[in-house]
Amino acid sequence: MPTSFFTAAGKFYRGNLHTHSTRSDGALDPAEVCRRYQAEGYDFIALTDHFLGLFNYPITDTTACRNEEFTTIMGAELHTGTMENGHLWHLVAVGLPSDFIPPDAPHFRPVKGSESAASIAQRARDAGAFVAIVHPHWSGLTEADARSITAAHAIETYNHGCVVDNDRGEGFLTLEHLLNEGHRLNLIATDDAHFNTSDFFGGWVMVKTAENTPEALLDALKAGAFYSSTGPEIIDIRITKDSIEVDCTPVVNILVQGQGPPMAKLREETMTTGQVSLERLAGSPWIRITIIDRAGKRAWSNPIWIDG
Ligand SMILES: [Zn+2]
Ligand SMILES: [Zn+2]
């Protein structure tokens, strides 16, 4: 991730990239899902209904929900192929064309001989989508599983629905294992909202673009010009030769993680800016930043590759 987008022209737009509606197994119809997200201050969402035969392979058309202040990106949660544990794959693709060809995925159980997850991820990417490996902890994903999705742009490291419903919502371990192998993946926080439980308005991305349009948002997502949050805002990140500076809304912790156990941290009351020495992280090919506010809410930068 470059950090220059923080100070580039444009603004940050808040969005949820993983959401379900009555077009699959969600509780609310697409228009009501969009209405609630806009009313909560979101600038955009992607409805990502389960792309399965039992729901007639929906790529839910949300264009009618767009207005001056709110937009939508077409997408779906893709399912095909088998993970190492024998269960069906889940991948989110944001920015899918409406004629994206379905795999042989009639229901939530894997079908022998069906298209692999790696193949459908590549097809989605080739069709213009931003592709994410979602809820790796909930899925029981192995590193080999994750490594096989070479077309992925990101790993969903915070899935609010999984946090709320089963305490298996985080994917940082999967992400860091792949970063350590040199895979340049970004991270996303999402809701995976179904509106059957309080699985909404908990995790989101903040995407920096010149305008709030599906095309601009997709380009910025693919370029890594975003960060993820459950509360606080990252305003700027500046890297000097041996330190990193973060501007943010008030937090009590600024953490810098890298390869292996070494990390660096600042802890103070009500920091809106902080400078952290990178001395302990010397030699790590990547670093990433977490900020935590007094309520325990967090925001995460994408990984920053030190060699650029
Ligand atoms: Zn899923
Ligand atoms: Zn989902």
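Q: Why does Thr71 count as buried?
A: In this predicted model, Thr71 has a relative accessibility of 5%.

Q: Where is Thr71 found, and with which residues is Thr71 in contact, leaving aside its neighbours within four places in sequence?
A: Thr71 belongs to strand 4. Apart from those neighbours, its contacts are Asp43, Phe44, Ile45, Arg66, Asn212, Thr213, Pro214 and Leu217. A contact here requires heavy atoms within 4.5 Å.

Q: Which distant parts of the chain are linked by the pair Glu77 and His135?
A: Glu77 is in strand 4, and His135 is in the loop between strand 6 and helix 3 (136–139), 58 residues apart. Glu77 and His135 are both buried.

Q: Which protein atoms are the donors of the zinc ion (ligand 2)?
A: They are NE2 of His18, NE2 of His20, OE of Glu77 and OD of Asp192, lying 2.1 to 2.2 Å from the zinc ion (ligand 2). Their spacing reads H-x1-H-x56-E-x114-D.

Q: Why is the arrangement of the four donor atoms around the zinc ion (ligand 2) called irregular?
A: The angles at this ion run from 82 to 166 degrees. Water is not among the atoms, so sites may look incomplete.

Q: Which residues lie nearest the centre of the second largest pocket?
A: They are Asp25, Trp138, Cys162, Asp192 and His194, out of 16 lining residues. Helix 5 (residues 160–166) gives the largest share of the lining, four residues. The space in this pocket is about 230 Å³.

Q: How do you know that the buried residues of helix 1 line one face?
A: The buried residues of helix 1 (residues 30–39) are Pro30, Val33, Cys34 and Tyr37. Viewed down the axis, they fall within an arc of 95 degrees, so they line one face of the helix. Among the elements covering them are strand 1 (11–16), strand 2 (44–47) and strand 4.

Q: What puts the buried residues of helix 2 where they are around the axis?
A: In helix 2 (residues 117–126), Ala117, Ile120, Ala121 and Ala124 are buried. Their arc around the axis is only 105 degrees, which puts them on the same side of helix 2. They pack against strand 4 (71–78), strand 5 (91–94) and strand 6 (130–133). Just after this helix, Gly128 has a positive phi of about 110 degrees.

Q: Is Ala152 buried or exposed?
A: Its relative accessibility is 8%. Buried means under 20%, so Ala152 counts as buried. Ala152 is in the loop between helix 4 (143–148) and strand 7 (154–159). Beyond its neighbours within four places in sequence, Ala152 is in contact with Arg125, Val131, Ile133 and Leu185. Its C-alpha is 7.7 Å from that of Phe130, 22 residues apart in sequence.

Q: Is Asp167 buried or exposed?
A: The relative accessible area of Asp167 is 64%. Exposed means over 50%, so Asp167 is exposed. Asp167 lies in the loop between helix 5 and helix 6 (172–180), and its phi is near 55 degrees, a positive value in a residue other than glycine.

Methods:
Residues are numbered from 1 along each chain as its sequence is written. Chains are lettered from A and ligands numbered from 1 in the order in which they are written. This is a predicted model: local features need pLDDT of at least 70, side-chain atom pairs count only at pLDDT 80 or more; totals for chains, interfaces and linings use all residues. Side-chain values use heavy atoms; hydrogens and water are left out. Buried means under 20% relative accessible area, exposed over 50%, partly exposed in between (1.4 Å probe, protein chains only). Helices (H or I, at least four residues) and strands (E, at least two) are DSSP runs, numbered from the N terminus. The arc is that of the directions from the helix axis to the C-beta atoms. Donors are N, O and S atoms within 2.8 Å of the metal (3.2 Å for Na, K and Ca); water is not among the atoms, so sites may look incomplete. Four donors count as tetrahedral if all angles lie between 85 and 135 degrees; four count as square planar and six as octahedral if opposite donors are over 155 degrees apart and all others between 65 and 115; anything else is irregular. On a 1 Å grid over the protein atoms alone, a cavity is a set of points where a 1.4 Å probe fits but cannot get out, and a pocket is an open set with protein on both sides within 12 Å along at least five of seven lines; lining residues have an atom within 4 Å of a point. Grid points are joined across faces, edges and corners, and a volume is the space filled by probe spheres set on the points.
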